[in-house]
Amino acid sequence: MALSGAVPAALAQPTHGIAMYGEPALPPDFVSLPHADVQARHGGRIVFAEVGGFDSLNPYIRLGSAPWGVSLLTVESLMGRSYDEPFTLYGVLAESVETDDSRSFAEFTLREEARFSDGTPVTVEDVIWSFETLGTEGRAIYRNAWTKIASTEVTGPRSVRFTFTEPDREMPLILGLRPILQRAQFDTENGGRPFDQSALVPVIGSGPYVVGRFEPGRFVSFRRNPDWWARDLPFYAGQHNFDEIRYEFYGDSAVAFEAFKAGAVSVWRETNAARWADSYDFPAVQDGRVRRVEIPHQRPSGMNGFVFNTRRAIFADWRVREALILAFDFERINALVNGGHEPRIPSYFGNSMLGMQPGPAEGTERALLEPFADSLPPGALDGYALPVSDGGANRRNLRAATRLLVEAGWEPDAAGVLRNAAGEPFVFELLLRQGSGEIMAIANTYIGALAQLGIRVRLAVIDSAQYVERSNAYDFDMTHFVRLMSLSPGNEQMLYWGSDGVDQPGSRNLPGVDSPAVEAMITTLLETDDAEVFTAATRALDRVLMAGRYAVPFWYTPQARLAVARGLHFPERLPIYGDWTGFMPEVWWYQE
């Protein structure tokens with residue numbers, strides 16, 4: 001990447017915000033985000049429960065496990081996201097962004113008043129160093145964008161321009177959301193510490209909070225910085241209202257829930273519909289110390305389920321994966337776990353206009369897929385739907401699964417053990433993280449069903465640090481995974497499903513997807529400025545992923561179920577993403 005001090009001719013006018021498509025909804029003189037209440041009171045605290053632990057305070061490197069709150073509360077980016085729009089950013093550290101129609105570059109101008117928590121100014125050098133260091137030494141999620149930067153140009157005392165290797169509609173937004181860290185903290189030539197080494201030393205950021213007291217694996221407290229430079233910025237009006245935000249860590253979700261019932265935790269997000277219906281009659285609910293709220297959302301279902309590692313020979317055949325999907329009796333498990341209340345995830349972008357439609361692909365969607373017809377998995381063009389059990393013992397689906405396994409070269413021996421032509425038994429490991437209580441119950445039921453097919457599953461449960469290490473190295477056969485999807489999918493899709501992630505350690509491509517069609521659909525949705533083509537490409541991507549049978553989908557919740565302690569409040573106006581990032585704790589407040 002070239003670094004230059006030359007100032008090129010302006011190709012566009014600096015603006016206060018940028019949207020993936022169209023224009024930002026808010027004018028330059030907006031006073032707050034639509035879903036924030038500028039009258040919200042400051043003070044009090046909120047306590048969250050987390051399952052697992054932490055051994056680092058640097059969430060930007062591969063080593064160690066850091067609390068979620070570090071990046072959320074202590075570090076800022078050049079721009080901030082409004083969660084009341086599909087994908088729109090407004091200036092935070094940067095007062096403006098500039099790009100051209102093809103989005104071949106992005107230029108950011110920093111606010112003169114922007115400061116880190118130690119009072120030092122945020123500089124262009126900090127921005128350049130952050131982008132380069134994250135892209136070369138940070139977690140894999142930062143690498144892809146860095147490879148797309150052809151040159152960096154300092155265009156003024158507070159301005160920097162990044163020119164891309166090729167036009168990319170999302171790149172200005174991706175760079176706008178990159179965390180900006182203090183270069184001096186990691187300047188090893190002047191006494192700083194190495195960036196890529198895990199440590200229990202807080203990173204110096206410019207956010208509203210700083211790390212307070214903490215005990216590794218037990219709790220971490222974030223204290224609101226009274227000298228925060230951006231406390232009067234319109235983007236933050238009505239946000240970051242608590243004096244303290246604390247995360248308590250527990251061994252499993254059952255223990256965490258008991259802590260909530262006892263008043264040690266302020267908020268509980270209930271993911272189980274059956275528990276929501278019958279387990280909230282404890283004293284704190286009855287006497288009003290806890291209230292229950294349901295918050296609807298318009299975001300895609302995403303994917304939550306067991307993922308196949310297709311790098312393993314045992315899962316390389318789509319027929320094997322389809323057989324194991326057939327063996328998962330969703331209706332029975334949903335009834336046992338959720339009382340049958342939750343809908344099944346229909347696809348990665350289900351519950352939204354971006355999700356694949358029933359039946360064959362048509363129109364633009366089909367035209368995008370046709371060039372790959374010979375390599376597409378069955379059902380991608382003609383339609384694919386998840387199996388439904390017969391309401392009994394799932395016998396019909398198990399018979400269909402047996403037929404597919406036989407076609408794929410797996411047959412039961414005299415003892416009922418499934419073996420291939422070489423006599424090797426069908427045995428694999430299901431890897432889970434400690435504290436996965438509900439997932440463990442699902443796994444045990446599923447393992448019992450697979451045993452009926454002659455398949456033996458070893459259940460391995462390991463701690464968080466081991467799990468991160470093994471999943472980064474793709475050292476698993478099957479595991480549980482969650483992929484959240486937005487209404488504006490972009491470059492993250494290449495991180496999730498791009499072929500580079502098949503062999504590159506630490507990518508988000510856990511299933512090992514290696515599909516030219518998938519990459520072509522992602523490229524199309526990234527490059528088009530036509531909303532219809534964007535929707536068609538996303539639906540086509542959804543089709544190929546589902547027909548690829550990379551996961552055994554669970555269920556999704558069309559609304560968030562929250563039990564909250566008395567005194568906690570949130571605005572009446574809800575963002576389109578519901579309770580997602582940007583809502584809790586950002587716009588909540590405490591008032592008795």
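## Helix 8 against helix 12

The crossing of helix 8 and helix 12 is right-handed (a crossing is left-handed if the near helix is turned anticlockwise from the far one by less than a right angle, and right-handed if clockwise). This is a predicted model, in which local features need pLDDT of at least 70 and side-chain atom pairs count only at pLDDT 80 or more, while totals for chains, interfaces and linings use all residues. Residues are numbered from 1 along each chain as its sequence is written, and side-chain values use heavy atoms, with hydrogens and water left out.

Helix 12 covers residues 437-451, and its axis lies 9 Å from that of helix 8, at a packing angle of about 115 degrees. Helices (H or I, at least four residues) and strands (E, at least two) are DSSP runs, numbered from the N terminus. Axes are lines fitted to C-alpha atoms, for helices over the stretch in contact, and angles run from 0 to 180 degrees between N-to-C directions. From helix 8, Leu324, Ile325 and Ala327 meet Tyr446, Ala449 and Leu450 of helix 12. The residues of this contact are 6 nonpolar, with no polar and no charged ones. Ala, Val, Leu, Ile, Met, Phe, Trp, Tyr, Cys and Pro count as nonpolar, Asp, Glu, Lys and Arg as charged, and the others, Gly among them, as polar.

## Helix 9 against helix 12

Helix 12 also packs with helix 9, at an angle of about 145 degrees and with the axes 11 Å apart. The crossing of helix 9 and helix 12 is right-handed. Arg332, Ile333 and Val337 of helix 9 make the contact with Glu438, Ile442 and Thr445 of helix 12. By class, these residues are 3 nonpolar, 1 polar and 2 charged.

An open sheet of 5 strands runs in the order 19-18-20-15-21, with mixed pairing. Strand 19 (456-462) and strand 21 (551-553) are the edge strands, each pairing on one side only. From one strand to the next the twist averages 35 degrees. Strand pairing requires that DSSP finds at least two bridges between the strands.

Strand 18, residues 427-433, pairs with strand 19 in the parallel sense over 7 bridges. Within these two strands, Leu431 stands opposite Ala460 of strand 19. Helix 8 (residues 318-327) packs on the sheet and touches strand 15 (303-308), strand 18, strand 20 (478-483) and strand 21; the directions of helix 8 and strand 15 make about 130 degrees. Contact means heavy atoms within 4.5 Å.

## A hairpin

Strand 10 (residues 209-215) and strand 11 (residues 219-224) pair in the antiparallel sense over 5 bridges. Phe214 has Val220 in strand 11 as its bridge partner. The two strands form a hairpin with 3 residues between them, and Gly217 in the turn has a positive phi of about 80 degrees.

## Aromatic pairs

The structure holds 36 aromatic pairs. One of them joins Phe330 and Trp555: the ring centres are 6.1 Å apart and the planes lie at 50 degrees, so the pair is tilted. Rings of Phe, Tyr and Trp (its six-membered ring) pair if their centres lie within 6.5 Å; planes under 30 degrees apart count as stacked, over 60 as edge-to-face and the rest as tilted. Because Phe330 lies in helix 9 (residues 330-338) and Trp555 in the loop between strand 21 and strand 22 (559-565), the pair ties together parts 225 residues apart in sequence. Phe330 counts as buried at 5% relative accessibility, and Trp555 counts as buried at 6%. Buried means under 20% relative accessible area, exposed over 50%, and partly exposed in between (1.4 Å probe, protein chains only).

Phe570 and Trp588 form another tilted pair, 4.9 Å centre to centre with 40 degrees between the planes. Both residues lie in the loop between strand 23 (568-569) and strand 24 (589-590), so this pair ties together parts 18 residues apart in sequence. Trp588 is buried at 0% relative accessibility. Elsewhere, ring pairs link Phe257, Phe260, Trp268, Trp276, Tyr280 and Phe282 into a cluster.

Leu541 lies in helix 16, residues 531-547. With a relative accessible area of 0%, Leu541 is buried. Its C-alpha atom is separated by 8.6 Å from that of Glu519, 22 residues away along the chain. Leaving aside neighbours within four places in sequence, Leu541 is in contact with Phe349, Gln493, Val518, Met521, Ile522 and Leu525.

Arg143 is placed in helix 3, residues 143-147. Arg143 and Leu495 are 352 residues apart in sequence, with a C-alpha to C-alpha distance of 9.3 Å. Apart from neighbours within four places in sequence, Arg143 is in contact with Arg62, Gly135, Gly138, Gln504 and Pro505.
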